[in-house]
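Subject: Structure handover: salt bridges and a covered helix

Hello,

I am passing on the structure below, followed by notes on what was found in it. Please look it over before reading on.

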Amino acid sequence: AQSLYAKLPEDLPTTLAMAVLDVCGAPAQAARLVQAGHTVVIVGAGGKSGILCGWEARRRVGVNGRVIGIEYSEEAAAELEKLNLCHEVLVLDAQDSVGCHTAMMNKTGGSLADLVINCVNIPDTELASIMMCRERGTVYFFSMATSFTKAALGAEGIGRDVDMIIGNGYTRGHAETALNILRESEVIRRKFEQTYT
């Protein structure tokens, strides 16, 4: 038998550590999924889990890869730009699947994303995530607003052959992965201190 627990770090304030541990499965899964040369799209890239995934994606895509962050508002996009996690930040409505697909086709020259990470906690973003992903690419739904039915039937309905992963809050080593981001990135730590403590 095993139980889930994480020892609170002594070098980080408890409120900050707890805020990060709340979503620590996302960056750990991103670390597992992102490969050098990938085009990675993060929906909701300016939120807590999106920022952590952005850090992992940026460090793993290498010089030939690309991280594209998506935010709903100009204000949120501007805040995300300041973190310098994404090569590009787009203002898009993730409930507008056709608009998202068109924007990504334009940004990628038609090749679309190798990996789409959905971190936005609003409904009806499944199809946009799927449509921004290339054939045989991967969509990781970390959002708890994800409808399995909409994702499965949406992909089938448009004939898109993608692998879909439903967010599991547990990934081996997830706590340390997430806490280390705060240790490695002064910019992210400051942002989280301002927002969550």
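Helix α2 is mostly covered, with eight of its nine residues buried. Buried here means under 20% relative accessible area, exposed means over 50%, and partly exposed is in between, using a 1.4 Å probe and protein chains only. Helices (H or I, at least four residues) and strands (E, at least two) are DSSP runs, numbered from the N terminus. The buried residues of α2 are G25, A26, P27, A28, Q29, A30, A31 and L33. They pack against α3, β4 (113-118), β5, β6 and α8 (174-184), where contact means heavy atoms within 4.5 Å.

A note on the source: this is a predicted model, in which local features need pLDDT of at least 70 and side-chain atom pairs count only at pLDDT 80 or more, while totals for chains, interfaces and linings use all residues. Residues are numbered from 1 along each chain as its sequence is written, and side-chain values use heavy atoms, with hydrogens and water left out.

Now the salt bridges. The structure holds 17 of them, a salt bridge being a side-chain nitrogen of Lys or Arg within 4 Å of a carboxyl oxygen of Asp or Glu.

D22 and K48 form a salt bridge through their side chains, at 3.2 Å from N to O. This pair links distant parts of the chain, 26 residues apart: D22 is in the loop between α1 (14-21) and α2 (25-33), and K48 is in helix α3 (residues 48-61). D22 is exposed, at 56% relative accessible area, whereas K48 is buried, at 17%.

R59 pairs with E56, and their closest N and O atoms are 3.4 Å apart. Both residues lie in helix α3, three residues apart, or about one turn of the helix. An α-helix has 3.6 residues a turn, so residues three or four places apart point the same way. R59 counts as partly exposed, with 46% relative accessibility, while E56 is buried, with a relative accessible area of 1%.

D163 forms a salt bridge with R136, again with the closest N and O atoms 3.4 Å apart. D163 lies in strand β6 (residues 163-166) and R136 in strand β5 (residues 133-141), so this bridge ties together parts that are 27 residues apart in sequence. D163 is partly exposed, at 35% relative accessibility, and R136 is partly exposed as well, at 46%.

Regards
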